[in-house]
Amino acid sequence: MTSATHRSAEEIGRTARGPRPLPPLGEQRAATDLSHVDTQLANGLRVVAVRKATVPLVEARLWIPFAGDDALHPAIAEVLAETILTGTARRNRIEIDTELALIGGDIGAGVDPERLVLTGSALADKLPTFLDVLGDVLTGATYADEEIAREKERLVERIAVSRTQPRTIAREALQKHRYGDHPVTREVPKAEDVAVVTPDQVRALHQASVLPRGAVLVLVGDLDPAGVLDDLEKVLGGWASDRSAVRLPPLPELTGPSVLLVPRAGAVQSQIRLSAETVPRTDPGYAALQLANLAYGGYFSSRLVENIRENKGYTYSAHSGFEFTDGTAVVNVDADTATDATAPALLETRYELGRLGQVPPSGDELESVRQYAIGSLLTSTSSQAGLAGQVLALASTGLGLEWLIEHPARVAAVTAEEVAEAALKYFAPKRFTGVVVGDAAVLEHKLLALGDVVVGEPA
């Protein structure tokens, strides 16, 4: 290779008259018209089945509302999620694992204060077998004593480690500051609570709360949407109850502007977590709000990232994004900083919130976030797994596939005036509450000088 025969990237990008202009962006493609059914089975389970035959697989997502008021509920629920696949009246743990492996499948479970979620996939032509295993787990999980004991031991160790992590500490502090003693705040159970959970308590919780009425099952892949309903009625017909799955009580309304400094002695880093109430996806103004958030801190070219990461180097990672819980929505702002950069970073974070409303995005900046919003949505739904996740997030709040298909057009139609209105209304600094977790001995006097900061109890 010689410079005489090969041009550098810089040479290719320039002409004698200056930089070579970039070609304009092409038209955004509309989402594919996906064949699907959205119905409810006799047992009250909502089923959304979508045909997307890109590969011969089917992705499954089962969402069950799983709230509870009891103080031990988070611990029992966590043990249940860890052991629900360890055996049924028909299959032991090894038989479940083997049968799923033979059909190229897998099933996993996870839980939080709002829901129990089972996630899995299998070869498309083996879907009936996959559904049979799923139905067996839902109706016949046995929670053997020895399995409970084994998984409890592992859980206690994992929780003990998790509770030492700064991100976990900051999240728990934020939840308690936002919502007090509401059940939604109990995301990570206490290790000592897990240690006292009994097999009978886990079995009782399954009986009381693993219920189809109010739950959602999403299937996406190489399937016949209408035909799969017969298979579901067969394998899930025995999963029934007159009661509905338990949803969280309504969340308290968020109000600003108080930010709580949570002392963590000797910490070399601080966690800044701010939050304000917004509107859910069902609101007509959501598309404009989405673009305002992207401009603020929702992607790498956002104002917040440019200010406190690129220009000032206060943080490696800064981000803003939505958090949806049942029928409510909040926008969160996250940044981790060195202790000496914490107060300046909070100042600039608030400054950018104010600037978004006073100098809203327009022109090239607005078109950039618009293209990103549409493109990232289409990209995230291009795979079966991505589409299944998006459909589940929508279905769990009562929306359907139509919302997903129509949303790019809504984003494309948003005006600069609508984005400006959303920015001014929802991103005003006074609307944000939150926490800063860090070394109070160094931070207290600096943060108090900024205003709207109070000092709390140590983490």
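Visitor: How do I read a UniProt feature here?
Guide: UniProt positions are given in the numbering used here, feature names are shortened, and annotations may be inferred rather than shown by experiment. For "domain: Peptidase M16 N-terminal", an unreviewed entry, UniProt lists residues 76-188. The end C-alpha atoms of residues 76-188 lie 12 Å apart. The span is 57% helix and 13% strand. Helices (H or I, at least four residues) and strands (E, at least two) are DSSP runs, numbered from the N terminus.

Visitor: What kind of model is this?
Guide: This is a predicted model: local features need pLDDT of at least 70, side-chain atom pairs count only at pLDDT 80 or more, and totals for chains, interfaces and linings use all residues. Residues are numbered from 1 along each chain as its sequence is written, and side-chain values use heavy atoms, with hydrogens and water left out.

Visitor: How many salt bridges does a search of the whole structure find?
Guide: Start with the idea. Side chains of opposite charge can pair when their charged atoms come close. A salt bridge is a side-chain nitrogen of Lys or Arg within 4 Å of a carboxyl oxygen of Asp or Glu. The search finds 30.

Visitor: Which residue does Arg 178 form a salt bridge with?
Guide: Its partner is Glu 323, with the closest N and O atoms 3.3 Å apart. Arg 178 lies in helix 6 (residues 166-179) and Glu 323 in strand 11 (residues 315-325), so the pair ties together parts that are 145 residues apart in sequence.

Visitor: Are Arg 178 and Glu 323 buried or exposed?
Guide: Both are buried. Buried means under 20% relative accessible area, exposed over 50%, partly exposed in between (1.4 Å probe, protein chains only). Now take Glu 99 and Arg 91, whose side chains meet in a salt bridge at 2.7 Å, N to O. Arg 91 is buried at 7%, whereas Glu 99 is partly exposed at 26%.

Visitor: How many cavities of 30 Å³ or more are there?
Guide: Rolling a probe the size of a water molecule over the atoms shows where empty space is left. On a 1 Å grid over the protein atoms alone, a cavity is a set of points where a 1.4 Å probe fits but cannot get out; lining residues have an atom within 4 Å of a point. Grid points are joined across faces, edges and corners, and a volume is the space filled by probe spheres set on the points. The count is two. The largest cavity holds about 100 Å³. Its lining has 13 residues, with His 73, Pro 74, Asp 112, Pro 113 and Arg 186 nearest the centre. Helix 2 (residues 73-83) gives the largest share, four residues.

Methods: 1 Å grid on protein atoms, 1.4 Å probe; cavity = no way out; pocket = protein on both sides within 12 Å on 5 of 7 lines; lining within 4 Å.
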